[in-house]
Amino acid sequence: MSKDFRTEIYGIIESDWPIHISVIARKLGLPVDGEEKKKIIARINYHVNQLKKEEKILTKKIDRALVIWPYDIEKLRFVHEILR
């Protein structure tokens, strides 16, 4: 189950980047308000950290928000800089 969930999260990150964890939760149809908020955010954050360890995504903390984008995009940015 968790591999499928992680794959689904990665698919959302690839299709709509840069993205924030709460936006991922909304796209998954999970409630971002109420009592379950911390539990859901922690669950998604766990999978985001695993994807980061697998070097599939990059993250950056901007103020209090964690912004996420695919690692492949960083490769494209690097190639763009070289071609310049």
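User: Before we start, what should I know about the model and its numbering?

Analyst: The model is predicted, so local features need pLDDT of at least 70 and side-chain atom pairs count only at pLDDT 80 or more, while totals for chains, interfaces and linings use all residues. Residues are numbered from 1 along each chain as its sequence is written, and side-chain values use heavy atoms, with hydrogens and water left out.

User: Happy with that. How many residues does the largest nonpolar core have?

Analyst: First the idea: a nonpolar core is a set of buried Ala, Val, Leu, Ile, Met, Phe, Trp, Tyr and Cys residues joined through side-chain atoms within 4.5 Å. Buried means under 20% relative accessible area, exposed over 50%, and partly exposed in between, using a 1.4 Å probe and protein chains only. Here the largest core has 18 residues, and those with the most contacts inside it are Ile9, Ile13, Ile24, Ile44 and Ile68. At least two residues of this core come from each of α1 (2-15), α2 (21-27), α3 (37-53) and β3 (65-70). Helix α1 gives the most, with five residues. These labels are DSSP runs numbered from the N terminus: helices are H or I with at least four residues, strands E with at least two.

User: Which residues is isoleucine 13 in contact with, leaving aside its neighbours within four places in sequence?

Analyst: Contact means heavy atoms within 4.5 Å. For isoleucine 13 the partners are Ile19, Ile24, Leu51, Ile57, Ile68, Trp69 and Pro70.

User: Now the helices. At what angle do α1 and α3 pack?

Analyst: Two packed helices are described by the angle between their axes and the distance between the axes. Axes are lines fitted to C-alpha atoms, for helices over the stretch in contact, and angles run from 0 to 180 degrees between N-to-C directions. For α1 and α3 the angle is about 80°, with the axes 10 Å apart. The two are therefore roughly perpendicular, on a scale where under 35 degrees is roughly parallel, over 145 roughly antiparallel, 65 to 115 roughly perpendicular and the rest oblique.

User: Which residues of α1 and α3 meet?

Analyst: Ser2, Phe5, Arg6, Ile9, Tyr10 and Ile13 in α1 meet Arg43, Ile44, Tyr46, His47, Gln50 and Leu51 in α3.

User: Last topic: how many salt bridges does the structure hold?

Analyst: Side chains of opposite charge can pair when their charged atoms come close. A salt bridge is a side-chain nitrogen of Lys or Arg within 4 Å of a carboxyl oxygen of Asp or Glu. The structure holds three. In one of them, arginine 6 pairs with glutamate 54, the closest N and O atoms being 3.5 Å apart. That pair links distant parts of the chain, with arginine 6 in helix α1 and glutamate 54 in the loop between α3 and β2 (57-62), 48 residues apart.

User: Are arginine 6 and glutamate 54 buried or partly exposed?

Analyst: Arginine 6 is buried at 9% relative accessible area, whereas glutamate 54 is partly exposed at 35%. Glutamate 54 also meets lysine 56 in a salt bridge (3.7 Å, N to O). Shared partners join Arg6, Glu54 and Lys56 into one network.
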